[in-house]
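Subject: Structure handover

Hello,

Here is the structure I promised to pass on. Please open it first, then read my notes below.

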Amino acid sequence: MRALRSLLMHGAAGVVIAAGLAQSAAAQEAEVIHWWTSGGESAAVKVFAEQFEEAGGTWVDNAVAGGVNARTAGINRIVGGDPPTAMQFNTGLQFDEVVGNGFLRDLEDVAAAGNWRDVLPEAIIKATTRENKFYAVPVNIHGQSWLWYNNEVLEQAGVEPPSTYEEMLEVGPKLKDAGVVPMAFSGEPNWERFLFNSVMLAEGGSDLYLDVLGNKNIEAVQGEDFRKVAETFGELRDLVDEGSPGRKWNDATNMVITGQAAMQVMGDWAKGEFIAAGMTAGEEYGCTILGGDDKGGYMMGGDVFVFPQTDDPAEQEAQEKLAELMMAPETQIEFNKKKGSVPVRLDVDVSSMDICAQKGMAALRDPERQIPSDNFLTSPDMYGSLQDVITEYWNTPSMDVETFVENYASAMEAAS
Amino acid sequence: MAIALPLPARRRRLSRRLPVMLALVPAAFAVIVVYLGCMLWTVRLSFTSSRMLPILDFVGLEQYARLFGNARFLISVQNVVIFGALFMLGCLVLGFLLAVFIDQRVRAEGALRTIYLYPHALSFIVTGLVWQWFLNPTLGLQKLVQDAGWASFTFDWLVNREMVIYTLVIAGVWQSAGLIMAILLAGLRGVDEDLWKASRVDGIPTWRVYVSVVLPILKPMLITSTVLLAIAVVKVYDLVVAMTNGGPGTASEVPAKFVMDHLFERANVGLATACATIMLVTVIAVLAPWFYAQYGPAKRRA
């Protein structure tokens, strides 16, 4: 009898404890879908994971390699009725339809409590709100118009670091003679589109860039300035090596890190790779904003996290906690140090970040230089169609500029 | 002495057919609802302006107009025709030759058969990746031969816009020839020994026997092989993604990849379903005459 009672008591205690554990485990579990799989990127997302765990939650990491794949997986999960707690998008119009169909919850409560409207740049607020409500939490601003270069390689070849595309074309032959690949390039369609937009901003200027991509002005596409941009873009083909088609962006950065190539045009997520390789900005490698450190347009991109609608109060609590923590000043600094981007809040102290981040923040303080990337300005359908035209042109050296301009204009008209 | 009276004819047929019909219900359900239903749904969506999610409006042939003005689509159609013709021809010819070779009672027949069939056990993704590494000019075959001494050897088809489709054919034939070999070998084994003896007595050269006697006997196997290969051609997507990702540029695009990209990343269900409908129409257009020839009125008369 006593044994039985003891057994029952222990059993009941066990059940209660298990229930309690299950309750608390379920209370703060957050499954996050993202595409940060390279060395530098994983180190950065760990910052969020560690902070969330410190705050009492459980971070369930769901990294999917490749931005397209991660977004596809996430959207299918949301539409299919089994949404993750949070998923990553790029800042801009990428998640428009997800919001439009009512799949996401708004973050007005968290935003009001954290004073987001006071600390974020105007362009970022516009990109993350719909009908004046926050639907996404921005976590960084990535500069996309950077040139990265290996100082040692440039010294050995006896060239100064270039800061415009014209200067790059000038130093190209000297670098080839020195036996290095002038520009490490990742020959995938989206990087070709990326390079073209960068040339359009740095050579054509912010007015042309905003007219073409922002206003979708066909006349600007058919004008003289756009033509020159297309010509310069075509000439850049001479600076890349024949193994570039299909190469991944971090493999190209690795070419610069190991000295096989001199420079790379890439967003500041490439800095994460340099950091992971133990290099210091300004010493082994250098960075320049294309068009000039003091006047080049700072093409802004970035990442946001969105939170699907859910009825589970524990999920909702986890989501609010995530949103709050991602925006916290200390988290912003730590995360962005590893990621290579700059904090999205304008009120944080960046003196502890490296010189490239300082250059970036300085550029951001000037509203004229805050240029949104094509993600902010055009739908996936449109920038996808333009991408097809650009990649066709890049990979067909015999194609003349007129044909390219015509194709670009028709693609812009056909898409919406 | 009781004589079992036969059931009236109608009742007998029904009672025998009922269990059969019941057994077929799940399969019929799958075919009607899933295959036919989804096909009709896809065609319906191609007449709408759906973006990421279906919208049931009606915009007529607008998506088709956009589709046929899309350079990437036109390239992908061209590619699948070239790939299809060469892939099927290559697999059939190579598979037949391998089967004939193995049928000659060679030693280590079992081992050779396994080796030739082994590529088929790999998924198209693995095949594509391996061939991509092998054909990459800076990593694979070209570098190997150049390092071995032939400094002017080039094999950069993989990054050459005109030739990249042929690299896909090479990888595809490498993968699937083994399967065709296995099917045709089974057929060859069924050819009667006496036929060979008779042809030797008559003094007919071996190659002639193969062409005029053996191939007609293998006709059912050849038809099976052709159907399997044709299905693989229409579906080809994972090989392209793993090997070239449609590149360089859009030179190795195929319709299946066009549909997938537009369904998901481009969030343009309308355009994707238009392309899928065109693929369906093409397949029906190719199959209909063949069905008519096989099962049409001429057959019934005979």
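Tyr149(A) has Met263(A) as its bridge partner in strand 10 of chain A. Strand 10 (residues 261–266) of chain A pairs with strand 8 of chain A in the antiparallel sense, over four bridges. Two strands pair if DSSP finds at least two bridges between them. Helices and strands here are DSSP runs, numbered from the N terminus: helices are H or I with at least four residues, strands are E with at least two.

The model is predicted: local features need pLDDT of at least 70, side-chain atom pairs count only at pLDDT 80 or more, and totals for chains, interfaces and linings use all residues. Residues are numbered from 1 along each chain as its sequence is written, while chains are lettered from A and ligands numbered from 1 in the order in which they are written.

Back to strand 8 of chain A. Strand 11 (residues 285–289) of chain A also joins strand 8 of chain A, antiparallel, through five bridges. There, Trp148(A) stands opposite Cys287(A). Five of the five residues of strand 8 (residues 146–150) of chain A are buried, so the strand is largely enclosed by the rest of the structure. Buried means 20 or more other C-beta atoms within 10 Å of the residue's own; exposed means 12 or fewer, and partly exposed lies in between, with C-beta atoms placed from the backbone. In a regular strand, side chains alternate between the two faces of the sheet. In strand 8 of chain A, Trp146(A), Trp148(A) and Asn150(A) point one way, and Leu147(A) and Tyr149(A) the other.

Next, the domains. Chain A is assigned domain 1 (30–142 + 301–361) and domain 2 (143–300 + 369–414); the bounds come from an automatic or database domain assignment. Their centres, taken over C-alpha atoms, are 27 Å apart. Each domain of chain A puts 27 residues into the contact. Two residues are in contact if their C-beta atoms, placed from the backbone, lie within 7 Å. On the domain 1 side, helix 2 of chain A gives the most, with five residues.

Helix 2 (residues 39–54) of chain A also carries the chain from strand 1 to strand 2 of chain A, and this β-α-β crossover is right-handed. That is, with the strands pointing away from the viewer, the path from the first strand over the helix to the second runs clockwise. Strand 1 (residues 29–34) and strand 2 (residues 58–63) of chain A run parallel, joined by six bridges. Val32(A) stands opposite Asp61(A).

What lies in the largest nonpolar core? This core has 122 residues, and Ala136(A), Val137(A) and Trp148(A) are among those with the most contacts inside it. A nonpolar core is a set of buried Ala, Val, Leu, Ile, Met, Phe, Trp, Tyr and Cys residues joined through C-beta atoms within 7 Å. Helix 10 (residues 189–214) of chain A supplies the largest share, 12 residues. Both domains of chain A give residues to this core, so it lies between them. Leaving aside neighbours within four places in sequence, Val137(A) touches residues including Leu107(A), Phe305(A) and Met326(A). A second, separate core has 51 residues, including Leu67(B) and Phe87(B).

Last, chain B. The contact between the chains takes 26 residues from chain B and 22 residues from chain A. Gln142(B) sits in helix 6 (residues 141–147) of chain B. With 22 C-beta neighbours inside 10 Å, Gln142(B) counts as buried.

Best wishes
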